[in-house]
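Hi,

Here is the structure I promised to pass on.

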Amino acid sequence: MITEVKDSLLKAYLGEIESYDEILDASQQVKPYWKKMFDTLEKLGMEQLVVRSQELTNKLRENGVTYNVYGSSEVSARPWQLDPIPFLLEKSEWDLISEGLKQRAVVLDLMLKDIYGPQLLVKEGILPPELIYENSGFFRPCMDVKLASEKQLLLYAVDVARGPDGRMWVVDNRTQAPSGSGYALENRTVMSAILPELTTGMTVNRLSPFFKTFHKEVTALTGKSREHPTIVYLTPGSGNETYFEHAYLASYLGYTLVQGDDLVVRDGFVWLRSIDGLEKVDVIIRRVDDDWCDPLELREDSRLGIPGLLQAMRSGNVAVVNTPGAGVLENSGLLAFMAAACRFLLKEELILPSIATWWCGHTHELNYVIENLPQLIIKKANRKQVFRSVYGRLLTPEQRTDLIQQILLAPHEYVAQEEIGLSTTPALVNGKLVPRLAALRAYLVANGDDYMVMQGGLTRSSAVQGRFEVSHQHGGCSKDTWIVSDTEITQMEIRVEMPKESVHHHTSLPSRSAENLFWVGRYAERTMSTTKYIKLLINALHESVKFGNASKSEHIEVLLKGLTHLTLTYPGFLDEEKTELLINPYPEIHKIVHDLKVLGSVASSTEAFLRGVISVSDKWNHDTWRAIYSIENTFKKIKRPDDTFSNSNTMQKVLDKLHARLFTFYGIVADSMPRDGGFYLFESGKLIERILLKISTIRACFSFKNDSHVENELIEAVLINHHLLIHYRQLYKSNFNLEAMLDMIFLETKLPYSLAFQLDELGRCLSELPKPSHTERLNLAQKAVLQATMKIKLADVSQMVIFEQDTLYRENLDGLLAEVFDLILSVNNSLTNLYFTHTEIQHSFLSSTENSSQNEI
């Protein structure tokens, strides 16, 4: 009975195989490690495997692991897809593959040096000149740009898949800014947490030595001239496909995540604009494509690069990994000439074959491609030209004729590759184990005069059976890659020796990140305050309708108009021509909650908050990401309400969730975020927004005298809005008095939502921010807060409640709050001038700039 159950999954999968599969050896027997894997899967059971698969998805989502899809209108990118069945390779086989990969890396490094050097490969006829000089990956300005190291190709990724002869074949090269290694590391982290039992009976190689070697090589590029080198990780921004990985690796490696506008070239050096001032940069790890790196010498319309970067490199004042110009090696047509280049450069034969490739720039190859089109896959040699692979066998005769005519117009732009039966591997699809075509992206890093191969990689399986399209842009799914053996593997630890003083080295905060953190705080508080106010307003409406009378509901009108003032959604409830809004306010409230097009709505503020959070992804830990994920789930319900959302009870429940989850976010940030400039700017933004909105509420409710019963209702509402009702009742029981309430809200320095407390906290946060040496003891922001604090603390509350008999206007109260409002509003401008001046005026994180196809995985 046990044997029958034990073999059921394996037998079922074997029945699905239609071609060569990874679990079978050359004699069509199940490989030992795959047998162990299926044994473990049997014990786990298919039902539990499906549950664990969902846990993987949830864990990745909670950790903020995403992959952006260009053209998507979503705030967040597509959740990263991870199949629970890993891709297994035996270590003895992997060692042989690694030798072939290292050889490839050496050849490509030599080719890069030659193309931007003596150009012997072209002169000797090994490479056709059109393939190099007419390709957009070649840049003449990069001819004299070099790294001060043995290897110019520091980081290299290569896509391989198993061919019909059982060997791994090279499918593609990535040399500009190879993507995916961070996803591979996160895949391993999540798999080890959710499915640890899958390793039963085998030892899996670790990935960390690869990253330690990378850090060692990068650190070596800084030389010994500086005790505390500055290494930055250059990203195109949060709109890029693999932005998660940029933030993840920057955080993992301890580098500063920057965008092009964060860097500036002065006096031949690259400097980081930070809230501390300018800081000299030693090494840039770039994830920006070659042509976008320097608008002065490359693509002049680039907003992603650094003007003058190439000249700074020529002067030897900064190192960039990989060097601009390395993208020339990504030309698909080069695969057709790799064997010849290897013989010319190394006097060796290629260990790993390339997938059969024909470059159409030669007449003989062009004729072959035209005659055999149904058996081939057509691609563009130039990766920059957007062109999805065309499978010849899927074309109609008319489409085939059209494609041939297209190729004949510019033959040198096209490459054909043989469509062969690549291997499949087990994948969990719709609750069933089925074979799917798969490719492995392997990663190599320079290691002195050699290369190190990551003991794993990023495996991607196709979404559709029988079709080799593994890109995540087209729905592919990732897999953890295991290099397995029977024995415990000992790997030498790579240590990077740094001076002891570096332990205490201060890491500067880029001005763009600082600005985004500031606005994350402001938008978080704006969402919180608006949500809180709408909740108390709905409660008031419920009480008025169900338990009140005509006179008791008069305070509702004041609260409704206060909502318009709070959210700035004018004319709203202030529109005298739409008195029906005061009779039936729910349509307007509904709009203020869910309409993304209404600036100031809960939906638009939450969206801005989430975009800001994504822009500073490297600042949040896993616990914070879980809170962000829960906020995002609530946001989806708010921006796409179903038919029941117009029901006020349902609306209130959703707002309750959003409010509670934002409080959770606040708590995690307060408990876990380092007390550095970023934290204090986040807190400053939160406090500025809180003070402004609380003042707006008080002015809307009490600038004009109301009847005593209406004023009592407003006092209770404002106390609720300030989280002070319980404290007030403990002191004054149920007697509502405006003077007592204002005294508490204005002057109580031990109550977190009083103005005195918030102003003191804002002043403290500003005092913790760095101050340039040339500034006065108090900067303009601090002076404004100090003035506002003194005005509140010196206020005579008894004078605040006085009103004019004719107009019922409380001039003392409204005038004081207006002055404090303007002072706090000026703090925003002062902080911008002090720390954010180089960036566009904020809300910049609401629109994202995308890089090109380099980061596609």
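By contact I mean heavy atoms within 4.5 Å. With that in mind, L263 touches V232, L234, V258, V270, W271, L272, R273, V281, I284 and I306, leaving aside residues up to four places away in sequence. Please note that this is a predicted model, where local features need pLDDT of at least 70 and side-chain atom pairs count only at pLDDT 80 or more, while totals for chains, interfaces and linings use all residues. Residues are numbered from 1 along each chain as its sequence is written, and side-chain values use heavy atoms, with hydrogens and water left out.

A nonpolar core here is a set of buried (under 20% relative accessible area, 1.4 Å probe, protein chains only) Ala, Val, Leu, Ile, Met, Phe, Trp, Tyr and Cys residues joined through side-chain atoms within 4.5 Å. The largest has 137 residues, and L101, M111, F214, L263 and I284 have the most contacts inside it. Helix α4 (residues 91–115) gives the most to this core, with 10 residues; helices are DSSP runs of H or I, at least four residues, numbered from the N terminus. A second, separate core of 106 residues includes F573, A608, L738 and Y835.

Now the cavities, meaning sets of points on a 1 Å grid over the protein atoms alone where a 1.4 Å probe fits but cannot get out; lining residues have an atom within 4 Å of a point. There are 8 of 30 Å³ or more, volume being the space filled by probe spheres set on the points. The largest cavity holds about 150 Å³ of space. It is lined by 16 residues, with L155, P178, F214, Y233 and I285 the closest to its centre. α8 gives the most to this lining, with 3 residues.

Best wishes

Notes
Buried < 20%, exposed > 50% of the residue type's maximum accessible area, 1.4 Å probe, protein only. Helix = DSSP H or I, 4+ residues; strand = E, 2+ residues; numbered from the N terminus. 1 Å grid on protein atoms, 1.4 Å probe; cavity = no way out; pocket = protein on both sides within 12 Å on 5 of 7 lines; lining within 4 Å.
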